[in-house]
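Q: I have not looked at this one before, and I would like to go through it piece by piece. Please start wherever you like.

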Amino acid sequence: MLNRLKIFQTHVATLWLLTLFSVRADISWSDLPPLPDPLGFAGSFAGTCNDTLLVAGGANFPDGPPWDDGSKIWHDRVFALEQGAGEWREAGKLPRPLGYGVSISTPDGVICIGGSDERAHYSEVFRLKYNGAKVEIENLPPLPVKLANMAGALVEGSIHVIGGTSSPDDSIASKQHLVFDGQSWARHDPLPAIGRILPVAAAHQKSFLVFSGASLAPDAAGNPVRTYLRDAWSYRAGRGWSRLPDSPRAVVAAPSPAPLVGFSHLLFIGGDDGTLAGFQPRSKHPGFTREILTYNTTTESWSASTPLDSHLLSAVTTTVVEWAGGLVIPTGEVRPAVRSPQVLLAQPQQSNTHFGILNWSIVAIYLTGMIGVGVYFMRREASSTTEAYFRGGQRVPAWVAGLSIFATMLSALTFMGIPARAYQTDISWYIGQLTILLVIPIVAACYLPFFRKLDLTSAYEYLERRFSLACRLFAALSFICFHLGRIAIVLYLPALALATVSDIDVTTAVVVIGVLCVIYTVIGGIEAVVWTDAIQAIVLMAGALLCFAVAVCHIDGGLVGMVDVARTDHKLFENLQWDSFSIADGTTSVLVLFVAFFFNSLVPYTSSQDVVQRYVTTRDLKAAKKSLKVTMWMSVFGSLVFFLLGTAIYVFYKTCPERLDPTLPAADSILPFYIVNELPVGISGLVIAAIFAAAQSTVSSSLNSIATSFVKDLDSRLLRPGRDDRTYLRSAQSVVVIAGLIGIGVAVTMARSDIESAFKTFNSMIGLTAGSLGGLFALGVFTKRAHGLGALIGALAGLVTVLIIHISGIEITGLLYAFVGFATSFLVGWILSLTLPGKANSEFSLHQP
């Protein structure tokens, strides 16, 4: 479980460090150039094409409001504002004067759907494309019905439209739900509630959301009368509609679709709440509410944000468009029959909380202490020979080795990832952690005796004795390449955190953290690494328990109250499916999760050098087995604490939604945000220091393991065999320095350029070899007739199979990658060994004579 999150969540975990010390955000408002019309419009279509903002159509009252006998006039002009331009330009016309439809920005242009004029509603659908001078119009399949005053949003490539009316005279609103897949329109399940006009739509992940709106009913004279609604709904293909918590007030005709701010908050800016629906005289109407609401899609809770600035006008019947690094609200109706040409740009802002001298002092003391551990072991000659440098003289206590393995599997990324998973979904993945209760006995009974009996320092020595040198080199090079990349990622993350809370440059932070890692790894060897791992494991667990205790104390009803809310919101094990066999991403099948996590644990415990190396640091086989028992129970207990911590934070922010910053960019931000904003000063410094130190521990483990594999599998085996021990010790220390410098260099490059995403993708691709290596070791241990050629082809087949699945986008959860690689490597290697000629060294298997 811990390894699964470590490998497959690395590519997303960077984001939490970007906001590690954020507080609740304000919105910065600014004016873009106003539309070149003195009145402005309501009901305009708006969107972006080729980085240009487009506003088209809409209606206003050029001759005065209707109570002064003015007429409502629809328009067909299209205006364009290019990035950096100081004014709008007229870029063409719509097919007819039109407004009050739905507009959706796509990579190919702005899709305009339905709408009305003074005579009728329309079913036309077309796309606006801007070529740099004017707009071109591409006709698309029309709606199956005429519609206006509806809402819509883009959900995973499909456009969803809800509500509206079919003619200007309608006195009952529609509840129909239409979906356009890019080729044709289809009717989906209608809204299971009263029909409505002017709702607010939104998209989140795979769901289409609908909020508020106004229902219509005829009065005695047959004229439509509005009822302002507060209900909210969510639609997901295959699951249908579900009810969401009502909004605190109606948000009729608020700018739509509601934009997603951060990773989970939807923003509702103003809107007509109905409180002034009968205001008289209408000419003195004060305008629509300036209140801004946020809806947390994770905790399903509402809260009020900073209201719209007093000098700005709150507009309805308009659209929200993402453009110029913010949210654009172009023109709109600011009071009955009154429009405004204003174009607003909203930019959610974050501010940094003061970390404080006490917290900084604790961080400095803690990190300095880790260096002290390295110096201590250098002085007691713990790194004077390769035996001591790689295996600690086999004098590491069993409990220390056990904690070290636990810490090696638990990176700083995982410390954030598990609570984030529980916060955003539930704790059902904890069932996968229980597989460790099967994995550890298997490792202790079947693998550990081989590693100890053969007196291995590098795990991959076994592969040469059992199969061939080629198998050993394949495994060693895969491990070294993956961990070189991993060092850069893990260095980059805490550097971002340091730069966020201080005026230290990111590059400076990378260099400082990296150099500290290299220093204590070079001077202290594996013994320093193992002891620092153990210290970090204790501190991290203490920090997690402390966070959990504080969160529970802040919840009404304490632990019982937390469990009650978690049960009600299905945050425990309620979503597990015992009769499902789904292998798709997001599966909750108990069988699939159990199989996936079993192999995700088995693979590193049997084939990863950074784990296997700990097995040979204890004095004997008995002590090594004891270390595994420590690891097993720490994993069972520790992961439970991390999952429950995420649940506690969920309940806390559900009951106190105003304390959560809506701009957090990823779920992995939630724990560090909680640590800094809710834990007492000093305690938060200690926990953050432990996170930084855990990152250093991860790097130091990789550095020492890379050096071990290089010296044992490459240098002494191929490059410079037969040299004295001192030569290989210097080689190991040099490799630590070189690998550290490579990691630092790549991390600095990521900090100074835009290669982070591509590099993390490359790193994750290399990491996909893990399952294949696990199958290779299992093939050697459990079969008698497997030989080198069959094993090598099997390992390559396992790697290729997983890469094909990963690249092709086959619908299979990444949790199963280790199983697929393992099974393919094992089965192909076994079958080919039975059919191809080759010598099998069965003396290194369980079937030895």
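Q: Let's begin with β24, then: how many bridges join it to β25?
A: Five bridges join strand β24, which covers residues 292-296, to β25, and the two run antiparallel. A strand here is a DSSP run of E with at least two residues, numbered from the N terminus, and two strands pair if DSSP finds at least two bridges between them.

Q: What should I keep in mind about the model and its numbering?
A: The model is predicted, with local features needing pLDDT of at least 70 and side-chain atom pairs pLDDT 80 or more, while totals for chains, interfaces and linings use all residues. Residues are numbered from 1 along each chain as its sequence is written, and side-chain values use heavy atoms, with hydrogens and water left out.

Q: Back to that pair: which residue in β25 does Thr294 stand opposite?
A: Thr294 stands opposite Ser303 in β25.

Q: And what sheet do these strands belong to, in what order?
A: They are part of an open sheet of four strands, ordered β22-β23-β24-β25, with antiparallel pairing. The edges are held by β22 (260-261) and β25 (301-305), each of which pairs on one side only.

Q: Which strands make up the sheet that has β2 in it?
A: That open sheet also has four strands, in the order β2-β3-β6-β7, and its pairing is antiparallel. Because β2 (45-49) and β7 (89-93) stand at the edges with a single partner strand each, one side of each has no neighbour in the sheet.

Q: What about the pairing of β3 with β6?
A: Strand β3 (residues 52-56) is joined to strand β6 (residues 77-82) by five bridges, and these two run antiparallel.

Q: Switching to β10 and β11, how many residues lie between the strands of their hairpin?
A: There are four residues between the strands of that hairpin, and Gly132 takes a positive phi near 105° there. Six bridges join β10 (residues 125-130) to β11 (residues 135-140), which run antiparallel, and the bridge partner of Leu128 is Ile137 in β11.

Q: New topic: how many cavities does a search of the whole structure find?
A: The search finds ten cavities of 30 Å³ or more. On a 1 Å grid over the protein atoms alone, a 1.4 Å probe fits in a cavity but cannot get out, whereas a pocket is an open set with protein on both sides within 12 Å along at least five of seven lines.

Q: What is the volume of the largest cavity, and which residues are closest to its centre?
A: Its volume, the space filled by probe spheres set on grid points joined across faces, edges and corners, is about 240 Å³. Of its 19 lining residues (an atom within 4 Å of a point), Gly101, Met150, Ser256, Thr318 and Thr319 are the closest to the centre.
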